Amino acid sequence: MNEYEVVIGLEVHVQVKTNSKMFTRVKTGFGFPENTLTDPVVLALPGVLPVMNHAALDAIVKSGLLLGCEIAPLCKWDRKNYFYPDSPKNYQISQYDQPICLKGHVEIELPGAARNIMGEHKLIPLTRIHLEEDVGKLNHGAFESLIDYNRAGTPLMEIVTDPAMQNADEAFAFLTALKTVMVYGGISDCDMEKGQMRCDANISIRPKGQKELGTKVELKNLNSISYVRDGISHEILRQLSVVKSGGKIVQETRDYDGQTGTSQSLRTKEDAHDYRYFPDPDLMPVKVDEPWKARLKAECPEMPFDKQRRFMKDYEIPYTITSVLVPDKALSDYFEATVKLCGQAQAVGNWVTNDLLREIGKRGESIAQSKVKPENLAALIRLITAGTISTTAAREVFTEIASSGEMPDGIVERKGLKASASSDDLELWCKDAIASDPKALAEFKAGKDSAINAFKGPVMKAAKGKANPKLVDETLRRLLAL
Amino acid sequence: MSTPLYFKSVAELSSELSTKKISSVELTQAIIARTKAVDSKVHAFNSFDETDVLSQAKLSDERRSLGKTLGALDGIPIGFKDVISVKGQPLTASSNMLKNFISPYDATVTEKLKAVGALSWGRLNLDEFAMGSSTENSAFGQTHNPWDLDRVPGGSSGGSAAALAAGEAPATLGSDTGGSIRQPAALCGVVGLKPTYGLISRYGLIAFASSLDQIGPFTRTVEDSAIMLGAIAGHDPRDSTSFKTQIPDYRAELKNRKGPWKLGIPKEYFGEGLDPEVAHAVESAIHFYKSKGCEIKEISLPHTKYAVGVYYIIATAECSSNLARYDGVRYGHRSKEATDILDLYFKSRAEGFGAEVKRRIILGTYVLSSGYQDAYYVRAQKVRTLIRRDFLDAYKDIDAVITPTSPTPAFKAGEKAANPLAMYLCDVYTIGVNLAGLPGISIPCGYSKSGLPIGLQLIGKPYGEADLLALAHSYELEHSWGTRFPDLEAQKGVRL
């Protein structure tokens, strides 16, 4: 391994989330009964013509702007000719010599030394992004093959990277980062289970120090992010063992089977298609002018890693919290909205990444569906900060908000959760707590400030949760200082 | 003797319908009877549905009785070249590949004609997938020229031209990729208009060569042509190549636009291969325009000599891709012998397509292949630009170009069938117009000594149909060629 280095390039297909298909008005969708999302254009009946979906063009231009690509001034369409039953016209409308997006890059983060340590960041350069139409799906039976054209004609972006990655972890990080950007831009949900994101990898090895690339093998059907990692690792080992046993890598396309972790050759270079690309005479080129780009630029959200850096810097919240908040745009928006209302970024971060996520997970809701709105959570955090309720009581209030959507003040009032214990009782409970935990007392006296927390639990318990936490802290400190 | 109903123009029929001299049902019955009487000789139709067209006629008469007539075409039966989709009717392209195909949707032109009350009447024969100049390449038997049944009607819209000439329809639709409307119009003695590329939606027209195909009408008179064009022209959001432009009232403009025009005579169109009788008839027409005060200028379209070559590269390249969808998988002919998917493609296409279609698919596949594309397809596109530029340069000084439509009158069936190149040269005067995307019209301008019609081609400026039609109309007003009709009764039927 040490005398070889690996070069990986990815070709990622991303379905664009539009209401209708790339060249006709029929709906896009997943999980519908077979061949119901079709019309004469999808089925390529005699005489039909394609008409471009402008929303799909918007989406790819936006992707290009997000990824720092050069945007071509003209969107031109070509026909890629080949016979296969999933392609109703037996040509695919695609973009050959003038992709809409050139260059650009995807910022990735490699795994850190530990879960709470940020890993190295890298920019993976892109070669191009173009737009095309998806094909249908073949379902092979024992004696027949059936075709479902529901997917056929769905807008599809092909994102091609430079051969710039060196291992499976980078490829994995690339797809994760790309998915986040696509979701952020509202371009695609990139659900690999639903085929919304699909990946082929070009993999080669070369002796270290050699300039020219080795013979590449294209690995297909990497149908989940983990298959991408496993498939690439498998292929690297396969190539190394071929070379080490004195063999030569053959330029070929291999099919990876994630279930068995094996691959087999689909075709070699000799069988490569001549796609006979030529400009599609049915579609006029479309100008992508500056106002068009400016309109889309204005719609572009902040890029995820930029947001993460901003969260860490401006809100001073730890990496681990940001790495939960940022990949989910709705969650990070929720976080910021709440902080705007009540400050307390750290507390908000903790509530959102722990309690809110647990609660909506339990209820099977999305962030948007949750009855705990930023206003509710902000009000709750304000009550805690003011010492009006204890954290224990706050959890109870939170659960109540999640089911009723009420503001916390009302719940506190109704349930009598206000920290209301008298100072005499409090002093008594505090004395008891200190007396019954000599170990913590010794630690505190020895200078370990956090040992004070050990007394708070029993005090709260005695107060049935209604003690003012601020007051408890003050009382304990006063008694301990005596 | 008065002209029988089936030989009357749309304008005449329209006025008889509006004065209630005739009903649409009566007219339709006359057309059906005539078709049944002569189509065994002409074979212009692939199929027709009497019951359906009569029920449409009845609806038209009902509209009229309620005072809700939709316009000049309401109640007039229109024949469709069998490449233009009409919902519920066969759409065969005269190919075994689509022998049993019934279209589930209307072409845009069909919708437009239905919207003005025209009746969809019958499916008209053509060279398979519109590839040919004689309608001999039909999988369902050749069409015969009504003026001489031993001769071809031209093509590829031979059925549309012959049906009209034989009185089997008052007007028909065809499509023109390299002359497929104008050449059969010339050979059958009727008016055939190929509009500017983009004026008429191609949605629902089976594609042969997408960048050249254009639908257009066959009519007895230029006035009828204006009526038909007005009904079918206009931008269509379902066709990205259709052009957003104001559609004038072509019929009204016939009278409003009065010349005199400056006319160009391209010397390249009057050289070798031009039949002397055709040359004479066209020269007489030029003389007529001169006598009316038109300025006649000799012009040069220097890239004309490349037109046929360029056409057969571009058209075949596009067709090789356009016809890929006929694979036996979803619809159309599927071989019963196939053992796997590749075999299914090979056998279905081998069995479904005729020789000329295969020849063009092979040629087109070749010119697009890697390593050859630059030498053929890319270069042909460049020359195409030069051909268009020739015309646009000429139009700086002139309003229209006058040429013969076809180098010869109708030739004998079988005469050129074995020689594809000789057949390709039938379109030598019409192809440039498609490559340049211009409007062109063929109108009758005389007859040969043996009584065969001769066509005059007028070529206009882009989207200049109103002027072009007015120019053609001014000739028609003072000539009576269009009022002669072929005598089918006197001719013995030819075995199909």
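**Figure 1. Phe129(B), a buried residue with positive phi**. Phe129(B) counts as buried because it has 31 C-beta neighbours inside 10 Å (buried: 20 or more other C-beta atoms within 10 Å of a residue's own; exposed: 12 or fewer; partly exposed: in between; C-beta atoms are placed from the backbone). Its phi is near 55°, a positive value in a residue other than glycine. Phe129(B) lies in the loop between β3 and α5 of chain B (helices are DSSP runs of H or I with at least four residues, strands runs of E with at least two, numbered from the N terminus). The model is predicted: local features need pLDDT of at least 70 and side-chain atom pairs count only at pLDDT 80 or more, while totals for chains, interfaces and linings use all residues. Residues are numbered from 1 along each chain as its sequence is written, and chains are lettered from A and ligands numbered from 1 in the order in which they are written.

**Figure 2. Cis peptide bonds of chain B**. The peptide bond from Gly155(B) to Ser156(B) is cis, with omega near 10°. Ser156(B) is in the loop between β3 (119-124) and α5 (158-165) of chain B. Gly259(B) and Pro260(B) are also joined by a cis peptide bond, with omega about -5°. Pro260(B) belongs to the loop between α8 (250-256) and β7 (262-266) of chain B. Most peptide bonds are trans.

**Figure 3. Ala44(A) in a loop of chain A**. Ala44(A) is not a glycine, yet has a positive phi of about 55°. The loop that holds Ala44(A) runs between β1 (4-15) and α1 (54-66) of chain A. Ala44(A) is buried, with 24 other C-beta atoms within 10 Å.

**Figure 4. Packing of α7(B) with α16(B)**. Helix α7 (residues 222-232) and helix α16 (residues 465-476), both of chain B, pack at an angle of about 160° with their axes 9 Å apart (axes are lines fitted to C-alpha atoms, for helices over the stretch in contact; angles run from 0 to 180 degrees between N-to-C directions). This angle makes α7(B) roughly antiparallel to α16(B) (roughly parallel: under 35 degrees; roughly antiparallel: over 145; roughly perpendicular: 65 to 115; oblique: the rest). Val222(B), Glu223(B), Ser225(B), Ala226(B) and Leu229(B) of α7(B) meet Glu465(B), Leu469(B), Ala472(B), His473(B) and Glu476(B) of α16(B) (contact: C-beta atoms, placed from the backbone, within 7 Å). The residues of this contact are 5 nonpolar, 2 polar and 3 charged (nonpolar: Ala, Val, Leu, Ile, Met, Phe, Trp, Tyr, Cys and Pro; charged: Asp, Glu, Lys and Arg; polar: the others, Gly among them).

**Figure 5. Helix α10(A) and its neighbours**. Helix α10 (residues 391-404) of chain A has 14 residues and reaches 20 Å from its first C-alpha to its last, close to the 20 Å expected at 1.5 Å a residue (expected span: 1.5 Å times one less than the number of residues). Its buried residues include Ala393(A), Val397(A), Phe398(A) and Ile401(A). The buried residues of α10(A) pack against α8 (345-363), α9 (374-385) and α11 (408-415) of chain A. Gly405(A), with a positive phi near 80°, follows α10(A).

**Figure 6. Helix α2(A)**. Of the 17 residues of α2(A), 15 are buried. Gly186(A), which follows α2(A), has a positive phi near 70°.

How values were computed: Two residues are in contact if their C-beta atoms, placed from the backbone, lie within 7 Å.
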